[in-house]
Amino acid sequence: MFQDDGDEREDGAEKPPEAVRASIAAAVPEARPGIPEVLPILPLRENVLFPDMLLNHVIQDARDIRLVDDVLLQDRFVAFVPAVKPQPDESDPAALLDKGCAAVILKMIKFPDGGVRLLVQGLKRIRVETILQRQPYFSGRTSEIADVVEPGVALDAMHRSLRDQFNRLLGLLPHVPNEVKLSAVNIVDPGHFADLVAANLNLSLEERCSILEAASVSLRLERISLLLEREMQIVELGAKIHDDVKQKINQGQREFFLREQLRAIRRELGELGDDRPEAAEIEKAMGEAGLPEEAMKEAKRELSRLERMQPGSAEYTVSRTYLDWMTALPWKIATEDRLDMAKAGKILDADHYDLVKVKERIIEYLAVRKIHPSGRSPILCFVGPPGVGKTSLGRSIAKAMARKFERISLGGVRDEAEIRGHRRTYVGALPGRIIQGIRRAGSRNPVFMLDEVDKLVSDLHGDPSSALLEVLDPEQNSSFRDHYLDVPFDLSRVVFITTANTLEPIPPALLDRMEVLRLAGYSSEEKIRIARRFLLPRILAEHGLAARKAAIDNSALTAVINSYTKEAGLRNLEREISSIVRKLAVKVAGGKRGPFKVSARDVKSFLGPPSFFASVPGRTEAPGVALGLAWTPAGGDLLYIEATAMPGKKGLLLTGRLGDVIKESAQAALSWLRTREKRFRLPENYFENHDIHVHFPEGATPKDGPSAGITLVAALISLFTGTPLRPHLAMTGEITLRGKVLPIGGVKEKVLAARRVGVRDVILPAGNVNDLSELQPEVRRDIVFHPIGKIEEMLPVAFPGLTDRLSFTGVKSVKPVRFSGRTKKSAGAAGRRGKRALSRKTG
């Protein structure tokens, strides 16, 4: 930067005018023969005096003031020598440079505080040869340093280049004193001009000293040229920065004035009150919400638009609603996870019976979070029939993890905008249900349940399951972008849980993003324990009855389960228990004191005639009838198959609202039998002269799937041989044309359905034997399982004695699997799967 005397003029000193410069000759008499050889030395601690330059210098040190007083009484000559140390020792001449400038004091002004201001003019460069005096101030013998001039083209070129640089610098600085400009024009000597430039540049003490020490004019010009070029770059950059800042300030001021004028016009028109406090409130809410950088930028842009709108306009309401959503979302609010696995396990056990696998998975997640806090959140999918506790389990998981819980139902959702939100171009646009749920939860890491994910609808309006791909993908949901917000929101900390009754309707791409956990139905014993432990206390409390006044014993619960409900879950059981309790409440309200105890013989008087029977009716006693097991979204179910033959032309008629897969299984069963008609001793040309009709009762219920194949074979064999099947026998399994029996799914649900109606023997594929370990001990104990790998292996089990009567050869009898074990009393602690010894007995 340019060095002028502006700072000195602030304390009252006035820069000497042209008249003072003209009188310098009078101050230095011509009669004086020259500069004395011995001069008092005045240290310069922050500046350097150059020959022929004027310097305003303020002194406060007593030694310096003493020196000035003595000099003014003599010839006014003094040596100004730069101090090379920041705070030199007053008595140490080593702190001074060995070169300086002889000067004459032109003017002195004393201040009330004892300080002195000097106006001095530099005369000649000098070298301090010897220090002659240390006290009361320095004095020494000096010698003059003459300029070393090397005339020539190089010197002229350097002089001209330096003059051009200095003139350019003067052009960039508008506040340069006129004296400097005049001096720059009139000084011809290159050495003198170099001193002028050095004296008026903002240089460091070391840089000034390097110019002072240079006796060679060429070296002096070279050094000052480099320093001047650096100063030029600094000044140009500073000017550019100043212009940019000034332009921004001017633009801001212009916008401010225009906005104030617009506000005044609106105020005059009565469209605006005296103030707009809502803008300040929104801006404050934006700061408190902790919006990320991109969201804050978008919110500020929308707030700027809002301030320019009329409150009565439609756009104002849209912008205000958008800002309300932006500030209401929990951008930085998160709950702290409860990582105490033992306590979380107790909470899960207290709320839900069994469900060991699900509890284990939650405990595993907490363990991973404890070790690796920034790990991904799981995306779970609970699959099971209605009423098994999928939704309530999600609430218990949130309670165990000390997180907020939010649930939305996706049943019937057909529009993608329900998930991603509507764009703000639409009237009444709102964020999608995901963002709405996050706002209701008030936390960025809740347990978020997406209920009934298998009931999404895809049609011309869109495919919401595709929108869920981003929500349920850990690689993408960290920057989920709702169409309404149009800024990313981090969903990676959310624990998403989806529920479904069946996986078939779920698109494969969506299913691939979820970890499937199956929740099968409950056995009768489990339902009794759940009713005793959870349902009864809650239902009694809801109806205002104390447990001591109303009691339902286990026999009554068993009667309700077996005769009035037919389900894998607990909803109908809860309704029937509630019906009994309501009738007890009527008695209490009528003045009867009780206590009331409900047993099995009282159930009929409360609920009426039984709706279901707990044993297999005699429908399989006739030839051509077989009992199969089916899986449905509501749990396992029985599947009766009836077959009959009549004169005809080898046709196969299938009835009962069947799907394509089950029709193909029926055709495969008939084809397998036709290739073996001689082994079953059927009349010649039997299939040529008969039509086969296979019917599945309960014709209003859709039926499909491959697992009815073995049951179809059994029904046809029973029809053709006139042999009824073994009583209390059910079966399931897929068949091939070569007679193989393939594994199927839903074993647990099917076995529970069989047990509910009193089935004692179950034929199933040998590949499903390992699935039996998922069954409760009491279920395994009550049923004998017959694993088969070929269709022929079914014959000795389903038709005792038939193989001997038909002289079948090569048919091996399968070894039935029987289980024995102690009935478990509780689900056990969450996070520790029960290990139960299974003893197999072969018969």
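Tutor: A salt bridge is counted here when a side-chain nitrogen of Lys or Arg lies within 4 Å of a carboxyl oxygen of Asp or Glu. Side chains of opposite charge can pair when their charged atoms come close. With that in hand, E298, R301, E302, R305 and R424 can be seen to be linked in a network of salt bridges, and the structure as a whole holds 42 salt bridges. The model is a predicted one, in which local features need pLDDT of at least 70 and side-chain atom pairs count only at pLDDT 80 or more, while totals for chains, interfaces and linings use all residues. Residues are numbered from 1 along each chain as its sequence is written, and side-chain values use heavy atoms, with hydrogens and water left out.

Helices (H or I, at least four residues) and strands (E, at least two) are DSSP runs, numbered from the N terminus. A salt bridge also joins E294 to R481, with the closest N and O atoms 3.3 Å apart; this pair links distant parts of the chain, since E294 belongs to helix α11 (residues 293-307) and R481 to strand β10 (residues 480-481), 187 residues apart. For burial, the cut-offs are under 20% relative accessible area for buried, over 50% for exposed, and partly exposed in between, with a 1.4 Å probe and protein chains only. E294 counts as partly exposed because its relative accessibility is 41%, and R481 counts as partly exposed because its value is 32%.

In another pair, D349 forms a salt bridge with K359, the closest N and O atoms being 2.8 Å apart. D349 sits in helix α13 (residues 341-351) and K359 in helix α14 (residues 356-371), 10 residues apart, and both D349 and K359 are buried. A further salt bridge runs between D454 and K455, whose closest N and O atoms are 3.4 Å apart; here D454 is buried because its relative accessible area is 8%, whereas K455 is partly exposed because its relative accessible area is 34%.

K359 leads on to its helix. With 16 residues, α14 reaches 23 Å from its first C-alpha to its last, close to the 22 Å expected at 1.5 Å a residue, where the expected span is 1.5 Å times one less than the number of residues. The buried residues of α14 include K359, V356, I362, I363 and L366. Where contact means heavy atoms within 4.5 Å, the elements that cover the buried residues of α14 include α13, β7, α15, β12 and β13.

Three of those names belong to the sheet: 5 strands form an open sheet in the order β8-β9-β12-β7-β13, with parallel pairing, and two strands are said to pair if DSSP finds at least two bridges between them. Its edge strands, each pairing on one side only, are β8 (405-409) and β13 (515-518). Neighbouring strands of this sheet are turned by 20 degrees against each other on average, direction ignored, with axes taken as lines fitted to C-alpha atoms, for helices over the stretch in contact, and angles running from 0 to 180 degrees between N-to-C directions. Strand β7 (residues 379-383) is joined by 5 bridges to β12 (residues 495-500), which runs parallel to β7, and V383 has A500 as its bridge partner in β12. Helix α15 (residues 390-401) packs on the sheet, touching β7, β8, β9 (447-451) and β12, and its direction makes about 175 degrees with that of β9.
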